Every structure is written in C-alpha cells, then in structure tokens.
Amino acid sequence: MYKYDSYDQAMVDARVEEFRDQARRRLEGSLSEDEFKPLRLMNGLYLQLHAYMLRVAIPYGTLNSEQMSVLGDIADKYDRGYGHFTTRQNLQYNWIKLEDTADILADLAKVEMHAIQTSGNCIRNISSDHFAGASHDELVDPRPYAELMRQWSSFHPEFTYLPRKFKICVIASEKDRAAMRLHDIGVQIVKNETGEIGARFYAGGGMGRTPMIAPMIREFVPLDQLITYAEACLRVYNRYGRRDNKYKARIKILVHELGRDEYVRQVEEEFAHMLEQGVEPPLEEIARIKPFFADPAFEDGPKQVDRSDPDFALWVDRNTNRHKHDSYVSAVISLKPVGGIPGDATGDQMRLMAKLAKQYSFDELRIMHTQNVVLPHVKIGDLHALWTELEAAGLGSPNLDTIEDMIACPGLDYCALANARSIPLAQRISERFDASGKTEKLGELKLKISGCINACGHHHAGHIGILGVDKKGLENYQLSLGGSEAEDTSLAKITGPGFTEDGVIEAVDKVTDVYLDQREGEERFLDTYRRIGMAPFKEALYG
Amino acid sequence: MDNALGKSPDEVQFRFRNDEMVDHAAVTVDSCCDQTNATAVRIEPGDDARVLLPFLDRLALIEVNFPAFGDGRGYSSARILREAGFTGELRAVGDVGIDQLSHMRRCGFDAFAPDKPLNEEDAKRAFATWENVYQATIDGRQTIPQIRHGG
Ligand code: HEM
Ligand code: SF4
C-alpha cells in the first residue's frame with residue numbers, strides 16, 4: 001500500500017490547518033455561509049437534513065487495518081456509532097458537528113487520511129478496481145497510476161473551481177468492476193501492439209439526470225504523458241464547460257454538445273501545447289510509487305476448501321473472487337445483511353474487519369463501489385476461520401451480486417435533495433426475496449436504488465433500477481430495466497408509469513418472474529432482458 | 001474607451017512586482033484587438049485569453065475579472081497567458097477571497113485587487129499555505145515529484 005512521505009503528510013497537515021482557519025473565520029463571522037460553503041465542501045462537509053455529513057476519502061478504495069480501525073473509532077466518538085460506505089468507495093458520517101470537524105480531520109491525518117476534495121466542483125477522490133493487485137485477470141495493478149493522479153489532482157491550482165464535480169476512475173483489466181465508463185474521465189491501463197504500457201482515455205460519462213456512457217477519446221497515451229494529457233482534458237473542460245446551468249455543467253454535456261470529435265480535437269490541440277510546458281512529473285515518480293503496491297509474500301497452500309458445510313460452501317462460491325495466486329482468493333465482506341441498511345457498518349464491525357485484515361489479508365482492505373468491503377488476499381486455507389468470525393458478527397451474508405446486494409443511496413432518511421426513501425425500500429426487498437428463497441434462483445441480479453434524479457444509487461446502471469420521484473407530494477417510484485456498469489455498459493430504460501412503495505416491490509417480483517419463466521441456459525436477468533426486450537416485462541407489469 | 005473598466009492602482013491590495021503600475025483604465029478584449037495603443041486590458045470569464053497572444057508585447061497589465069469566485073475560468077486564462085510568455089502584470093480583480101490567493105498565485109497572478117479588502121494577516125498566511133506543491137505550473141516552483149527525484 002502507498003505510504004505518505006513527509007511531503008504528502010505536509011500537504012494533508014497544511015489542509016487541516018487551512019480548514020481550522022476557515023472554520024475559525026466562519027465562527028467569527030468574517031466568512032459568510034455563502035463564502036464558507038464551497039470551502040467546507042472541498043473538505044467533504046455537507047449540511048444535510050438533520051446534521052452535517054462528513055465524507056472521508058479512501059483513495060482508489062484501498063486502506064489498511066489501522067485506517068479502518070480509526071474510521072470505526074471516529075464513528076463511535078463523533079457520530080452515532082456507525083458510518084456509511086458509499087458507491088464512490090468513500091465513507092460518510094451522517095451526524096457530525098461543525099465544531100468537531102477540524103479535530104476529526106486531525107485524527108484522520110494521523111493515519112494518512114483526509115476528506116479533501118470529496119465534494120465541491122473539483123477533481124474528486126479517484127476510484128479504481130476493488131480487486132486491483134489481486135485479481136487473476138488484470139494487466140497490471142492500476143493503483144500506482146491512480147496514486148500518481150491522486151497527487152496531481154490534489155489541490156490543483158487551475159482546477160479547483162471547475163464548472164462541476166469531476167470524477168476519475170482508473171482500471172487495468174478488460175473486466176470493468178468500477179463503472180469506469182460512467183465517470184467524467186475513465187482511464188484503462190492497456191498494452192499497445194509493441195507491448196508498451198499506456199493509458200486509454202474515455203471522457204464524458206456520468207449518471208445524474210442525463211446519464212451518458214463515456215466515449216473513448218484516445219486509444220493510447222504513453223505513460224510519460226499521462227498527467228499532461230489529463231491536464232489538457234481538464235483545461236478544455238474548465239474553459240468551455242457550461243456554467244450557466246448547473247444541470248448542464250458536467251463534462252458529459254460538453255462532450256455531447258461539442259460532439260466527441262470536436263472535443264477530442266480541442267484536447268489534442270491543448271495537449272500539443274501542454275507537452276511544451278513540462279507539466280509531466282518525472283517518470284521516476286511512477287517507479288517510486290510502484291514498489292508500494294508490490295505483491296505481499298504469498299505462500300503456497302491449500303487450493304481448495306472443505307465443502308462439507310453447505311453454508312460455508314455457498315459463501316465461498318458467492319463471495320470470493322479468483323486471485324492471481326492459486327492459493328489465495330479475494331473475499332468480499334457483504335455489508336448487505338437481510339433487512340439491513342446497504343453499506344452501513346458499526347464502529348465495532350469496522351474494528352473487526354480491521355482485525356481480520358491484519359490476521360488474514362496482509363493488513364489490507366478495499367471498499368467496493370457496491371458498498372461492500374474486500375479482503376484482497378486471503379489464503380484459501382484460512383477461509384473457514386475467516387467466515388466463522390464474519391458469521392458471528394453478522395457480516396457473513398453470502399449474497400454478492402445477488403438481488404440482496406443492492407446499492408441504495410441515503411435517500412429521504414438523510415438527504416436534503418431526496419424525493420423518496422431508498423433505505424426502507426432496500427430493506428423490504430431484501431427481506432422479501434430472502435424469505436421467499438428466490439434470491440438464489442435469480443443468481444446475478446444488480447438492483448440499484450436512488451432517492452432522486454441525481455442518481456447517487458446508480459439506478460441507471462442497474463439490471464433493475466428504482467428511482468424515487470415526487471408525485472404531488474407522494475413518494476413514488478419509477479422502475480427501469482437493462483442497465484449495466486460493467487464492461488458491457490448500458491443505461492436502463494424506464495418500464496412505464498411509476499409505482500407506490502408497495503407497488504414497486506410487487507413490480508420487482510413480477511419482472512423477476514418473467515425472467516425465471518423465459519431464461520435460457522445460463523442467462524442472467526440482464527441477458528434475458530437483452531434478448532427478449534422490454535415488451536414481455538411491460539406486459540407483466542401493466543398488461 | 002470605456003472608462004468604467006479596470007481598477008485604479010489604489011485598489012490593488014497585494015502586488016508582487018516592483019515596476020510602476022499602469023495608471024490608466026483597461027479596455028475590453030475586443031477593443032484591445034482593434035486599438036494599437038492600449039497597454040492594459042481586462043479579461044472576462046467568457047473571453048478567450050488566446051486572442052490576446054499577438055499583443056502580449058505591448059501589454060503591461062492584464063486584469064482577469066472574477067465576477068464570482070466559483071467561476072474558475074480565470075485560472076486557465078492566467079496560466080495560458082504566462083505559458084505564452086507574458087511578463088507584465090497579471091492582476092486578479094473582483095470576487096477574490098483569502099482562500100483563492102494561493103492557487104491564483106500559482107497560476108501566475110502577481111497582483112490582487114479584491115472587491116472586498118482582505119485581512120492582511122489572513123492573506124499573508126494564505127499566500128504561504130503550501131510549503132511544497134505537487135503540480136508544475138509556470139510559477140517555476142520545484143514540484144514535490146521533482147524534489148523527490150533530485151530536481
Ligand atoms: C446525502 C448526501 C448526498 C448529496 C447531497 C448528494 C448529491 C449529489 C448530486 C447533486 C448529484 C448529481 C450531480 C450531477 O449530476 O451533476 C450526485 C451524484 C452522485 N452521487 Fe451523490 N449525494 C449524496 C450522497 C451520495 C452517496 C451516499 C453516494 C454513494 C452511495 C453518492 C454517490 C453519487 C454518485 C455515484 C453520483 C453520480 C455521479 C455522476 O453523475 O456521474 N452520493 N450526488
Ligand atoms: S440520489 Fe438523490 S436522494 Fe439519493 S443521495 Fe443522491 S441526491 Fe440524495
């Protein structure tokens with residue numbers, strides 16, 4: 001894992017002091033709330049329905065045991081004993097006091113963490129593949145490149161007041177586990193014909209009210225031009241992205257309105273100019289970063305588990321991912337217990353996960369955009385012991401990628417922008433499918449719920465998506481089908497008129513029946529939908 | 001010439017250069033291109049700074065206006081002008097606050113005329129926020145990656 005040197009630490013410490021000073025000026029009244037707002041936002045502090053919310057950055061979703069443990073301690077000390085892991089691989093605290101924030105930031109800084117640029121119209125925390133450095137199918141570990149971009153994008157002097165927020169994702173395998181093409185910029189580390197490693201760039205993806213899939217804008221950027229190219233992409237956006245309407249300010253609208261080709265032309269022109277400016281960090285910097293992500297000392301061991309306990313066998317089948325070393329797997333800790341709040345973990349659970357990571361996974365954890373936690377390197381021989389401890393703590397749900405493994409945004413329970421509740425709906429759906437035993441039959445089925453059009457719950461990318469809309473003051477839900485955030489990215493289509501809370505649960509049940517009825521062979525829900533189209537589902541819902 | 005444009009020298013609160021200040025008002029980018037004698041120009045957020053590149057030699061002052069601090073186009077304008085070799089005064093005017101100073105300085109601004117005068121102590125601290133920096137800009141500071149690898 002990356003370790004700060006004195007320079008990185010000084011940057012974060014400087015920001016804590018800067019924020020302390022800003023909070024002081026706010027309390028003294030020399031900063032108005034209007035002036036303070038963008039500053040607190042750049043430090044991840046939102047004002048929500050009931051309290052301040054603090055978002056902590058977990059760069060590319062990777063953290064160590066000590067950090068996870070501190071997150072648990074903060075939950076206990078400053079919040080109500082829990083935190084919420086988000087689709088951006090971050091952690092959110094929902095019940096924070098303004099007076100405590102600078103102290104929380106100082107606690108975080110002690111373990112090389114911060115809340116910098118987790119909100120505001122700047123380059124946000126960079127996301128990545130949660131199995132990076134562990135999965136059998138990656139070209140290289142994408143995280144050194146993500147770290148290089150983290151440093152470049154931290155406190156960037158030119159790009160701190162962009163038209164709108166800016167999200168970057170870096171992956172390095174054909175399989176996309178990070179919704180790369182639904183980011184403002186998606187980077188895939190690839191190899192060209194001559195065997196050289198470089199970066200493929202996508203730009204203009206995003207969700208929100210106008211979801212778009214990012215088109216590829218450059219097939220191959222050499223590694224010693226990576227930052228320069230990104231800088232050119234951002235400069236064109238900073239200069240020409242719309243600022244007249246915040247709903248049209250994301251880069252996706254610029255790329256869409258200019259057209260991909262014109263955007264590319266402008267970026268190439270700026271890129272040619274930037275190459276003359278010497279903005280690229282020395283290539284040795286990547287070489288310096290890489291060893292931090294070197295493989296831990298893997299040892300040969302058992303390659304199979306004892307499957308005599310069916311509960312354990314099910315968990316292994318569902319919640320582990322093939323590792324690049326054949327005596328290891330990556331194990332997913334589900335934060336989706338039946339009837340629970342997707343992505344929530346208590347302080348105790350965080351400290352337990354930290355302990356287990358130390359014991360079984362070389363001190364490392366990952367946050368998934370699906371709001372679960374990964375122990376990336378677990379010996380197959382240790383799986384049973386690990387599972388036993390997880391089970392005892394209510395963290396052993398064997399439901400990865402099933403309908404119970406829902407993404408749900410905070411919705412009306414916390415969020416000031418919400419139209420409808422997401423959390424109770426998620427809880428009721430998982431209870432119902434668990435009770436009927438249908439979860440297992442359905443196999444991979446990605447259900448995603450957002451409480452409003454901002455789409456924090458990725459509903460556009462759900463095999464089944466649910467969107468809360470406000471209909472004459474009543475909570476109302478729109479159902480959509482056929483989205484995907486994987487390498488076969490697609491946007492879900494709305495089925496038709498919306499439903500009440502009870503009605504939408506019925507509706508989910510009905511569409512899954514259509515699938516069970518019509519599926520062929522090994523088809524997933526998504527495959528069946530793509531083959532038979534919307535009509536049979538509509539018929540079942542409204543016919 | 002539009003006399004309403006531009007800040008007077010007494011409104012400049014911070015200045016990091018020793019040459020004499022231009023004491024006449026700035027013109028718009030459009031009129032700067034038409035007039036051959038203008039030595040001061042004012043850029044608005046929507047103006048393309050590159051239009052000025054042919055005239056940089058005769059310009060002593062470029063004011064970049066920030067009608068609202070959240071509109072960050074002026075940061076790109078400033079860097080573009082410095083990257084093109086502009087050595088005259090680059091002055092940030094308008095809604096310029098304490099918390100913008102350090103980034104503006106890095107983008108090449110060397111004079112500041114905020115609408116609302118800033119607390120001198122706070123500003124001094126703000127200019128010194130970053131002992132070291134990650135990104136290379138035209139301010140010529142050695143970056144952290146460069147220091148790590150021996151400059
Ligand atoms: C509770 C406070 C929150 C507020 C006020 C909020 C606000 C917003 C807004 C306004 C947008 C739309 C941005 C746009 O389209 O330009 C958005 C998008 C998004 N938010 Fe949130 N959000 C909140 C919580 C969350 C949480 C908890 C997550 C993760 C679970 C999250 C993840 C996202 C994602 C993934 C997007 C879509 C990004 C895109 O359009 O590309 N947000 N959020
Ligand atoms: S989707 Fe809407 S309701 Fe849900 S967290 Fe985002 S802004 Fe709030």
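## The contact between the chains

The contact between the two chains draws 46 residues from chain A and 36 residues from chain B, where contact means heavy atoms within 4.5 Å. This is a predicted model, in which local features need pLDDT of at least 70 and side-chain atom pairs count only at pLDDT 80 or more, while totals for chains, interfaces and linings use all residues. Residues are numbered from 1 along each chain as its sequence is written, chains are lettered from A and ligands numbered from 1 in the order in which they are written, and side-chain values use heavy atoms, with hydrogens and water left out.

About 3,500 Å² is buried between chain B and chain A, and carbon and sulfur atoms give 53% of that area; buried area is the accessible area (1.4 Å probe) that two parts lose on being put together, summed over both.

One of the salt bridges joins the side chains of Arg50(B) and Glu270(A), at 2.8 Å from N to O.

On the side of chain B that touches chain A, the elements giving two or more residues are helices H2 (73–83), H3 (101–106), H4 (120–127) and H5 (144–148) of chain B, and H2(B) gives the most, with 6 residues. Helices here are DSSP runs (H or I, at least four residues), strands likewise (E, at least two), numbered from the N terminus.

## The site of ligand 1

The iron atom of ligand 1 has a single donor from the protein, the SG atom of Cys456(A), 2.1 Å away; donors are N, O and S atoms within 2.8 Å of the metal (3.2 Å for Na, K and Ca), and water is not among the atoms, so sites may look incomplete. Cys456(A) lies in the loop between strands S17 (447–450) and S18 (464–471) of chain A.

An oxygen atom of ligand 1 is 3.0 Å from a polar backbone atom of Met207(A), and a nitrogen atom of ligand 1 is 3.5 Å from a side-chain N or O atom of Lys165(A).

Methods
A polar contact is a pair of N or O atoms within 3.5 Å; within protein, one must be able to donate a hydrogen and the other to accept it, and residues adjacent in sequence count only if both atoms are side-chain atoms. A salt bridge is a side-chain nitrogen of Lys or Arg within 4 Å of a carboxyl oxygen of Asp or Glu.
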